[in-house]
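Biologist: Can you walk me through this one? Keep it simple, please.

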Amino acid sequence: MSPPCPSPSPCPLLPVALALAAITLLRLAHPAAAVSFHLPANARKCLREEIHKDVLVTGEYELSEQPGGRTDLKVTDSSGHILYSKEQASKGKFAFTTDDYDMFEICFENRLPAGHFRGPDQQIVLNTKHGVEAKNYEDVAKAEKLKPLEVELRRLEDLSEAIVNDFAYMKQREEEMRDTNESTSARVLYFSIFSMCCLVGLATWQVFYLRRFFKAKKLIE
């Protein structure tokens, strides 16, 4: 039997404090992937990331002005399918949901008018989120009429599920790599045995051939 609470208020607040602390730690473990870089004139720069299946991906970008130039944005998967495309991109957002585990690529390509080969670098700020980070919990709270604490607990539940899925995927990858290593080791073993049998057979054939040759030359009896 658990001991009674020393006062009416501290005990009910303990689970809440633990939940908020766990949420803070999980948020620190999943920071937003915001990057800033400079894109030279008439250049192309791409960012790649591997993302799991059925994951929501959102992005927000902002480009500095470049007189006379244009920058196109394109988001594709490893098969070349265009998930998002924007010509003369300056500022905006994009979102998509992955159909399968794949490598996704976000490319910015700068182009100057014909006859112009030099120009100032363009600064690009890109902020991408995926999974729980990309989910809008304000809309969830309005749709389901959740209280602030319930929203945080829902976020904690989703984060925990995402971490469990990551570990499950890592375990699956480990099993696949182990199976590949075992298969490769077995093939190497069989090839080594086959090579040894070929060498033994070749050496035996050489011995009998030389024996017949020397007998034909009457060098041995």
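Biologist: Is Glu152 buried or exposed?
Modeller: Glu152 is buried, because its relative accessible area is 19%. Buried means under 20%, exposed means over 50%, and partly exposed is in between (1.4 Å probe, protein chains only). This is a predicted model, where local features need pLDDT of at least 70 and side-chain atom pairs count only at pLDDT 80 or more, while totals for chains, interfaces and linings use all residues. Residues are numbered from 1 along each chain as its sequence is written, and side-chain values use heavy atoms, with hydrogens and water left out.

Biologist: Which residue does Glu152 form a salt bridge with?
Modeller: Arg155. The closest N and O atoms of that pair are 3.6 Å apart. A salt bridge here is a side-chain nitrogen of Lys or Arg within 4 Å of a carboxyl oxygen of Asp or Glu.

Biologist: Why can such side chains pair at all?
Modeller: Opposite charges can pair when the charged atoms of the side chains come close.

Biologist: Where do Glu152 and Arg155 lie?
Modeller: Both are in helix H3, three residues apart, which is about one turn of the helix. Helices (H or I, at least four residues) and strands (E, at least two) are DSSP runs, numbered from the N terminus. Arg155 is buried as well, since its relative accessible area is 19%.

Biologist: OK, zoom out. How many helices and strands does the protein have?
Modeller: Three helices and eight strands. The order along the sequence is α-β-β-β-β-β-β-β-β-α-α.

Biologist: And what share of the residues is buried?
Modeller: Of the 221 residues, 22% count as buried. The protein exposes about 16400 Å², and 59% of that comes from carbon and sulfur atoms. Those areas come from the Shrake-Rupley method with a 1.4 Å probe, and for residues only the protein chains shown count as cover.

Biologist: Back to charges. How many salt bridges does the whole structure have?
Modeller: Eight. One of them joins Glu87 and Arg70, with the closest N and O atoms 3.9 Å apart. That pair links distant parts of the chain. Glu87 sits in the loop between strand E5 (82-86) and strand E6 (91-97), Arg70 sits in strand E4, and they are 17 residues apart.

Biologist: Why does Glu87 count as exposed?
Modeller: Glu87 has a relative accessible area of 58%, so it is exposed. Arg70 is at 27%, so it counts as partly exposed.

Biologist: Which residues are linked in a network of salt bridges?
Modeller: Arg70, Asp72, Glu87, Glu109 and Arg111. Within it, Arg111 pairs with Glu109, the closest N and O atoms being 3.6 Å apart. Arg111 is partly exposed because it has 40% relative accessibility.

Biologist: What does Gly69 touch?
Modeller: Arg111 and Leu112, leaving out residues up to four places away in sequence. Contact means heavy atoms within 4.5 Å. Gly69 is in the loop between strand E3 (56-63) and strand E4 (70-76). Its C-alpha atom is 8.4 Å from that of Gly119, 50 residues apart along the chain.

Biologist: What about Thr76, buried or exposed?
Modeller: Thr76 is buried, because its relative accessibility is 11%. It lies in strand E4. Its contacts, beyond residues up to four places away in sequence, are His81, Ile82, Leu83, Met103, Phe104 and Glu105.

Biologist: New topic: the surface. Which residues form the negative patch?
Modeller: Glu174, Glu175, Glu176, Asp179 and Glu182. Patches are made of residues with over 30% relative accessible area and no salt bridge, joining like charges within 9 Å and nonpolar side chains (Val, Leu, Ile, Met, Phe, Trp, Tyr) within 5 Å. Lys and Arg count as positive, Asp and Glu as negative, and His and the chain ends are not counted. A charge is placed at NZ of Lys, CZ of Arg, CG of Asp or CD of Glu.

Biologist: Where is Glu174 found?
Modeller: In helix H3, residues 148-216. Glu174 is exposed, since it has 52% relative accessibility.

Biologist: And which residues make the nonpolar patch?
Modeller: Leu202, Trp205, Tyr209, Leu210, Phe213, Phe214, Leu219 and Ile220, covering about 780 Å². Phe213 is in helix H3 too. At 38% relative accessibility, Phe213 is partly exposed.

Biologist: Last one: what is the phi of Asp54?
Modeller: Asp54 has a positive phi of about 55°, although it is not a glycine. It is in the loop between strand E2 (44-51) and E3. Gln88 also has a positive phi, near 55°, and lies in the loop between E5 and E6.
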